[in-house]
Amino acid sequence: MEKIKVFLIHDYDALMDSVESILSDSESIVVVGKANSAALAEQLIRTKIPDIVLADVSVCEKVGADLTKLIKREFPKIKVIVLSMQDDFINISKMIKSGATGYLLKNVKFHELHKAINKVMLGETYIQNSITAKFINGYQRENHTEEVNILSPREVEIIRLIAKEYTSASIGRMLFISEHTVETHRKNIWRKTGVKSIVGLLNFAHEHQLI
């Protein structure tokens, strides 16, 4: 069976040698190159053409999102797994959006490193188990924010008045707009939120903390 070719990027040579030693114990993995800078990494990746780039994102700014984007643009088949000290959603999301298919902390254990490599080779995205829940919670919050942002301030205002059981005519008088305009806003609210009833609208409003 052909071995998985891994390229390492890290500015601390001793740690990079340690990771190489760990990976070399696997019969299915071979380290084809190493680099301790972004410039050298770009140069060697073009000649080594690895299956996976295992990169420490703290080497410099470019080894983070910029280098990941470059690799995915020029070598779309190469998978990028990042090593980081950061376990917050913003940093994880930034790297995943840049094209990384794996995100591990520097304290990752031997067995999970191997698992991550095998998973991304199968086309999956792998995030270290200890931070998966934090990423999922952050992802859900971000999506909820995006859903709310599609509503205009006026539409949010009308949703809150609907929740208080005001009629379209009453809402119009309170907001100094016509009843017809209120009905137009209501139709836009149904369309944007995808709800089918007042109950559905109230559930949406509660879920997104609008009321």
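V6 has V31 as its bridge partner in β2. This is a predicted model, in which local features need pLDDT of at least 70, side-chain atom pairs count only at pLDDT 80 or more, and totals for chains, interfaces and linings use all residues. Residues are numbered from 1 along each chain as its sequence is written, and side-chain values use heavy atoms, without hydrogens and water.

**Sheet**
- Strand β1 (residues 4-9) pairs with β2 in the parallel sense over 6 bridges (pairing takes at least two DSSP bridges; strands are E runs of at least two residues, helices H or I runs of at least four).
- The open sheet has 6 strands in the order β2-β1-β3-β4-β5-β6, with parallel pairing.
- β2 (29-35) and β6 (126-127) are the edges; each has a single partner strand, so one side of each lacks a neighbour in the sheet.

**Cores**
- The largest nonpolar core has 22 residues (buried Ala, Val, Leu, Ile, Met, Phe, Trp, Tyr and Cys joined through side-chain atoms within 4.5 Å; buried means under 20% relative accessible area with a 1.4 Å probe, protein chains only).
- I9, I45, V53 and Y103 have the most contacts inside this core.
- α3 (65-74) is among the elements that give two or more residues to this core; α3 gives the most, with 3 residues.
- A second, separate core of 19 residues includes I29, L54, I81 and V108.
- Beyond four places in sequence, Y103 has contacts including I81, M95 and I131 (contact means heavy atoms within 4.5 Å).

Technical notes:
Buried < 20%, exposed > 50% of the residue type's maximum accessible area, 1.4 Å probe, protein only.
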